[in-house]
Amino acid sequence: MKFLEHELAYRQAMHAQVTRREALAKMGAGIGSIGLASMFGGNALATDINPANPLAPKAPHFAPKAKRLIQLFMPGGPSQVDTFDYKPMIAKHAGKRPDSVNRKSLRNTKMGLMPSPFGFKQYGECGKWVSDIFPEVAKCVDDITFIHSMHTDIPEHAGGILMTNLGALQPNRPSLGSWLTYGLGAETENLPGFVAMSPRAQPRGKLANWGNAFLPGAYAGSYVNIQNMKADAVIRDLKNSNLSRKEQRKQADLLTQINKLHLERLEQDQNLEAGIQAMEMAFRMQFSVPEVFDISKESAETQKLYGESEFAKGCLIARRLVEEGVRVVQLSHSIDGYDIAWDTGHGDIEGGHAKLAKACDQGIAALLKDLEGRGLLDETLVVWGGEFGRTNYSQGKIGPTNFGRDHHPRCFSLWMAGGGIKPGTSFGKTDDYGYNIVDQAGTPLSPHKHKYDENAVHVHDLQATILHLLGFDHERLTYHHAGRDFRLTDVHGHVIHDLLA
């Protein structure tokens, strides 16, 4: 402590000389502050950025329909024809390969149409057909918009997951959550603006899925493994067991003063400013994180509503986080420590999908009901889905131990609820067998064109729509790096206005 005090005195003495920044400030009514603001990327939102706090709330491009995002990510590829895209014609033509499915690569194999092992029923006023493995989510269909014409360019997990979360195949691009935090800031000073969670296993790609890449460090997501539900241990090394809160505050204040003096002399040092913010955030998080992650504070009725699974507890924490002002929450599903849990579909659709759905169904439905009951759903966008879908045909000859489907990027299902979407509807169509996206006339659309037409939703279109719902033009939310302006959607994407309320 004495060392820090001596260091501060030394820095203050050195700072007695008039700096270039001070001279500029005196001459130009604060012109010198431009240098500090530019450290946070003098881009589309520079005028809204508070140099003292990069996570301060910022105004988007236009009035948003949602203020926050909860992404319920299902890595591994849930099967659309076994969950939310009901296709009774598959059972009628089981074992066959209609012309629309008769790809050249399949003609000399024994693979044919494989009926879903699950029943489907209609629910809600909208009459949506939902698989029996999602009975609780099925009760919420009138609050949900289902998208059946999702498609992606990537048929492989690692690349598909990166495309979903980063809009690119390179793991050195900012994640969706980081872009939103960069654009909006946070609504709290005591918690990160972006929190990523999963029970046991991180989704394939790990850090990249919530990373900031070349955006300033303040916009990176903070990862939490919710398998460890001890409220004071969800983030490693958060507590200081040797110093009291008062002593930590004194040390943090001294270090901040020293660093700010140093920063003013350097005039531009993004890493130093990020370090100052990280230290201050770490101090505040010691006391706010255990509080928000302590679900024992919830009523017995609320805990019963969500259920006992790890994913269900993650859903409850997600609600607590957004309620406290966290801007983006990404909750990834994993089970038994598997990082692409829904990939059990290769050989065990019946057992694997049923187990996975049971682990998340109640928690997801509870989250939607709880958000609505607290008046938060209208301002919170909830997105459920994986990186691609599953084939309608069997991966191998159907047998007692071989009842699986392969990867299918040509079409898959995803749903959205809450902030600004049109509830109780379904968008986009697939053919009678759930193999190709079709237009309104039922004509299959070419999967080789990046943009199918207005009836199809590419991953970049979904990202553009999410940004739009939170108040951003996806072409204007940019960051200048390495000689060019980068954006989440790269040079692609268009907003799907038919999804909006």
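**Entry 1: Ala312**

I began with Ala312, which is buried at a relative accessible area of 1%. Here buried means under 20% relative accessible area, exposed means over 50%, and partly exposed lies in between, with a 1.4 Å probe and protein chains only. I note that this is a predicted model, in which local features need pLDDT of at least 70 and side-chain atom pairs count only at pLDDT 80 or more, while totals for chains, interfaces and linings use all residues. Residues are numbered from 1 along each chain as its sequence is written, and side-chain values use heavy atoms, with hydrogens and water left out.

I placed Ala312 in helix H11 (residues 310–323). Helices (H or I, at least four residues) and strands (E, at least two) are DSSP runs, numbered from the N terminus. I then looked up its contacts (heavy atoms within 4.5 Å). Leaving aside neighbours within four places in sequence, Ala312 touches Tyr306, Gly307, Ala359 and Gly363. I also checked Ile364, 52 residues away along the chain, and found its C-alpha atom 7.0 Å from that of Ala312.

**Entry 2: Arg405**

I found Arg405 in the loop between strand S9 (389–390) and strand S10 (407–408). Its relative accessibility is 0%, so Arg405 counts as buried. What lies 3.0 Å from a polar atom of the Arg405 side chain? I found the backbone oxygen of Asn392 there. The backbone oxygen of Thr391 lies 3.3 Å from a polar atom of that side chain.

**Entry 3: helix H7**

I counted the buried residues of helix H7 (residues 176–184) and got nine of nine. Among them are Leu176, Trp179, Tyr182 and Leu184. Just after H7, I noted that Gly185 takes a positive phi of about 70°.

**Entry 4: cavities**

Rolling a probe the size of a water molecule over the atoms shows where empty space is left. On a 1 Å grid over the protein atoms alone, a cavity is a set of points where a 1.4 Å probe fits but cannot get out, and lining residues have an atom within 4 Å of a point. Grid points are joined across faces, edges and corners, and a volume is the space filled by probe spheres set on the points. I recorded five cavities of 30 Å³ or more.

The largest cavity has a volume of about 110 Å³. It is lined by 14 residues, of which Gln71, Thr164, Val383, Leu462 and Ile466 are the closest to its centre. Strand S1 (68–73), strand S8 (380–385) and helix H13 (459–469) each supply at least two lining residues. S1 gives the most, with four. I sorted this lining into nine nonpolar, five polar and no charged residues. For this sorting, Ala, Val, Leu, Ile, Met, Phe, Trp, Tyr, Cys and Pro count as nonpolar, Asp, Glu, Lys and Arg as charged, and the others, Gly among them, as polar.

The second largest cavity holds about 50 Å³ of space. I listed its lining, which includes Arg173, Trp179, Phe214, Arg487 and Asp490. That lining divides into seven nonpolar, one polar and three charged residues.

**Entry 5: positive phi**

Most residues other than glycine have a negative phi. I looked up Lys206, whose phi is positive, near 45°. Lys206 sits in the loop between strand S5 (194–198) and strand S6 (222–225), and is partly exposed at 48%. Ala213 is found in the loop between S5 and S6. I noted for Ala213 a positive phi of about 50° and a relative accessible area of 37%, which is partly exposed.

Technical notes
A polar contact is a pair of N or O atoms within 3.5 Å; within protein, one must be able to donate a hydrogen and the other to accept it, and residues adjacent in sequence count only if both atoms are side-chain atoms. On a 1 Å grid over the protein atoms alone, a cavity is a set of points where a 1.4 Å probe fits but cannot get out, and a pocket is an open set with protein on both sides within 12 Å along at least five of seven lines; lining residues have an atom within 4 Å of a point.
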